[in-house]
Amino acid sequence: MEQAIDSQAGKEDMDGASSASESEYQHQLEVMFDEDSAKRRKSSLVSSENPKLAEQAARKKAATSCFVHQLLENTKQSRIGQPALSYSDDYNSDKASEPRDQNIHSRLLTKRQLSEMAIGVRELSKKLGSIRLKLKVRTIFLLTKAHDSDLIELTRNIAEWLLAKQRDTEYTVYVENTLEHNRKFDAQGLVLQDPSIQDRLKYWDNELCRRHPHLFDFAITLGGDGTLLYASWLFQRIVPPVLSFALGSLGFLTKFDYADYQETLGTAFKHGITVSLRLRFEATIMRTQTAHEDRKHDLIEQLVGDEAENNLTHKPDGSYTILNDIVVDRGPNPTMSSTELFLDEKFMTSVQADGVCVATPTGSTAYNLAAGGSLCHPDNPVILVTAICAHTLSFRPVILPDTIVLRVGVPYDARTSSWASFDGRERVELQPGDYVTISASRYPFANVMPQGSSGEDWIGSISKTLNWNSRQKQKSFKEWEEQKADGKTKT
């Protein structure tokens with residue numbers, strides 16, 4: 001029997017214990033880790049002298065607005081017999097306040113902590129595949145495929161339907177700020193039809209998504225897989241559940257038909273949604289503190305083993321959360337790139353190739369597949385490593401567990417620099433001695449799935465979009481027959 005998590009259930013259960021303060025409620029929102037585990041190498045850590053980091057490490061529990069973290073904590077509390085809060089009540093209770101500093105990166109976690117986080121998300125993902133989350137939706141984020149004017153009218157239709165008086169709830173709808181004065185969208189026309197819309201039709205930009213992702217209860221995208229990837233890019237940390245209408249070219253991730261948007265959204269808000277948690281990677285650029293002209297240093301020696309307390313060889317220079325892949329390639333250089341791969345604290349191999357593609361299971365059907373990598377079901381908690389046109393016939397794609405930290409570095413004696421891209425965006429040059437750390441993100445992507453969907457949907461997607469293993473069926477044998485002299489046939 002299908003189960004439903006009602007957004008009001010937790011609130012009713014906790015009314016009798018109203019003495020609990022709001023700060024105690026916030027304690028339900030964070031994934032907790034043991035603090036006595038050994039730390040990772042310092043070159044992969046922010047300096048321990050950072051006061052913000054020190055404050056976070058000292059705090060046993062800190063609040064976030066990520067509903068995945070709250071559900072993880074609920075699962076943990078249920079195991080030890082403590083009451084668990086529902087997702088929606090606490091997720092929405094902190095809307096008015098600023099989110100606390102959440103820059104505790106996955107690369108900062110120990111091996112044990114990273115494993116516990118990955119296992120927790122894995123167990124939660126299995127449970128979410130068979131239950132419905134009934135959300136308390138008030139604020140909706142609406143994203144439209146960029147540079148496609150044909151979709152502006154469709155975006156207006158959804159916004160108008162959501163803002164109509166006939167809805168049981170007065171929704172606040174955020175659309176991209178470029179539509180505010182767009183003639184085709186005609187925001188003023190919507191306001192003239194119903195003046196109450198004036199205060200409920202608002203506009204988002206990249207900065208709002210980055211600084212206040214907790215404002216949004218639900219996200220809707222109109223476009224293809226690229227539009228969904230852009231939604232993931234906008235929400236680098238906290239990401240609301242995302243429901244996508246298929247208006248693109250392929251559609252591995254977009255599962256809903258726009259023609260049925262009223263029924264689809266009505267059912268989602270009234271009866272709940274089924275969520276698939278997609279693994280995302282956190283990638284951090286680490287810059288060498290050694291002069292680039294000094295080629296006497298060895299990257300392997302720096303990344304394997306411990307550093308001196310006050311002799312940090314690298315420092316972080318930007319972190320990105322990605323849904324598809326990280327690619328480190330030769331960029332505009334005419335010669336092949338030279339990179340070195342490290343698993344946790346061990347050297348893995350050197351790669352002479354056009355580049356290296358590190359993909360999530362979701363990204364296995366993208367650049368990874370074109371480079372000869374494996375197709376991978378999105379429920380698999382793995383990291384896929386594939387060389388791009390390797391300069392050796394013996395290199396084969398490698399599948400690694402999501403509990404490790406992978407490092408892709410440019411050796412000091414490399415002839416040229418390399419270039420890194422993150423979900424096809426933010427192209428960054430890596431000088432000799434620089435490297436990128438890649439690990440499972442603490443913030444998976446919550447993709448809304450059709451009711452009753454299963455793993456068979458993924459097989460159907462690759463069969464439909466890629467014609468996977470499609471061929472004409474082999475004909476059966478047809479036995480020869482001999483004609484006897486008496487007119488009878490002999491088989």
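Student: Is R237 buried or exposed?
Tutor: Keep in mind that this is a predicted model. Buried means under 20% relative accessible area. R237 comes in at 16%, so the label for R237 is buried.

Student: Which residue does R237 meet in a salt bridge?
Tutor: Side chains of opposite charge can pair when their charged atoms come close. For the side chain of R237, the N to O distance in its salt bridge is 3.5 Å, and the partner is E282.

Student: How many residues apart in sequence are the parts that this pair, R237 and E282, ties together?
Tutor: R237 sits in the loop between α10 (225–234) and β7 (242–246). E282 belongs to strand β9 (residues 281–288), so the parts they tie together are apart in sequence by 45 residues.

Student: Which helix holds both R210 and E207?
Tutor: Their side chains meet in a salt bridge, 2.6 Å from N to O. The two are three residues apart, about one turn of the helix, and that helix is α9.

Student: How many salt bridges does a search of the whole structure find?
Tutor: We've talked through R237 with E282, and R210 with E207. There's also a network linking R156, E160 and D186. Searching the whole structure, the count is eight.

Definitions and conventions
Residues are numbered from 1 along each chain as its sequence is written. This is a predicted model: local features need pLDDT of at least 70, side-chain atom pairs count only at pLDDT 80 or more; totals for chains, interfaces and linings use all residues. Side-chain values use heavy atoms; hydrogens and water are left out. A salt bridge is a side-chain nitrogen of Lys or Arg within 4 Å of a carboxyl oxygen of Asp or Glu. Helices (H or I, at least four residues) and strands (E, at least two) are DSSP runs, numbered from the N terminus. Buried means under 20% relative accessible area, exposed over 50%, partly exposed in between (1.4 Å probe, protein chains only).
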